[in-house]
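Reader: I am new to this structure. Please take me through its charged pairs and the part around them, step by step.

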Amino acid sequence: QLVESGGGLVAPGGSLTLSCAAFGQTFSSYDMAWFRQPPGKEREFVAAINWSGGTTYYADSVKGRYTISRDNRRDSVWLQMDSLIPEDTAVYYCAASTGMSGNPIDYDYWGQGTQVTVSS
């Protein structure tokens, strides 16, 4: 089970940190990712991190603004989001996979999502 938290309303240019806690899984065995689904659009890849935390990659739209990290001792992954823009508004999901990928179909476990709204 994956449980996200940390979403909310933030003004353009602001920051938020999303958290995802894993329960009942061998967290360190999984590569983790964040996806998002903007209103009326399909789910899209945001960022991924491999099982050890040594490899990360990002969608071009968030590169340089977002940072994904994890702590296997705490069974958690985070998404630090800076310089937020209205186009970042979406429901954000964390997901777990045994293979690092940008394709949501490759992910085995999903959280329930947390809403992020960027608006003045």
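Author: What follows is a close look at the salt bridges, then at the residues and links around them.

The model is predicted. It holds five salt bridges. Four residues, R36, E44, R65 and D88, are linked in a network of such bridges.

Take R36 and E44. They form a salt bridge, with the closest N and O atoms 2.6 Å apart. Is R36 buried or exposed? R36 counts as buried, because its relative accessibility is 4% and the cut-off for buried is under 20%.

Now take R65 and D88. Here the closest N and O atoms of the salt bridge are 2.7 Å apart. R65 sits in the loop between strand 6 (56–58) and strand 7 (66–71), and D88 sits in the loop between strand 8 and strand 9, so this pair ties together parts that are 23 residues apart in sequence. R65 counts as buried, at 15% relative accessibility. D88 is buried too, with a relative accessible area of 1%.

Why can such pairs form at all? Side chains of opposite charge can pair when their charged atoms come close.

A further salt bridge joins the side chains of D71 and R73, at 3.3 Å from N to O. Which of these two is buried, and which is exposed? D71 is buried, with a relative accessible area of 14%. R73 counts as exposed, because its relative accessibility is 78% and exposed means over 50%.

R70 is another case. This arginine lies in strand 7. R70 is buried yet has no salt bridge. The nearest side chain of opposite charge is D31, 5.1 Å away. A salt bridge needs the nitrogen within 4 Å of the carboxyl oxygen, so D31, at 5.1 Å, does not pair with R70. What does the side chain of R70 reach? It reaches the backbone oxygen of W51 at 3.4 Å. The R70 side chain also makes a polar contact with the side chain of N72, at 2.9 Å.

Back to the loop that holds D88, the one between strand 8 and strand 9. T89 lies in that loop as well, with strand 8 spanning 76–81 and strand 9 spanning 90–97. T89 is buried, with a relative accessible area of 15%. A polar atom of the T89 side chain lies 2.9 Å from the backbone nitrogen of V118. Which residues does T89 touch, leaving out those up to four places away in sequence? They are P38, P39, Q115, V116, T117 and V118.

Strand 9 also takes part in a covalent link. The disulfide count comes to one. C20 and C94 form that disulfide, their sulfur atoms 2.0 Å apart. C20 lies in strand 3 (residues 16–22) and C94 in strand 9, so the pair ties together parts that are 74 residues apart in sequence. With 50° about the S-S bond, the link is right-handed. Both C20 and C94 are buried.

To recap, the network of salt bridges links R36, E44, R65 and D88. R70 is buried and has no salt bridge. The disulfide is formed by C20 and C94.

Methods. Residues numbered from 1 in each chain as written. Predicted model: local features only at pLDDT ≥ 70, side-chain atom pairs only at ≥ 80, totals over all residues. Heavy atoms only, no water. Helix = DSSP H or I, 4+ residues; strand = E, 2+ residues; numbered from the N terminus. Buried < 20%, exposed > 50% of the residue type's maximum accessible area, 1.4 Å probe, protein only. Polar contact = N/O pair within 3.5 Å; in protein donor to acceptor, adjacent residues only side chain to side chain. Contact = heavy atoms within 4.5 Å. Disulfide = S-S within 2.5 Å. Lys, Arg positive; Asp, Glu negative; His and termini not counted.
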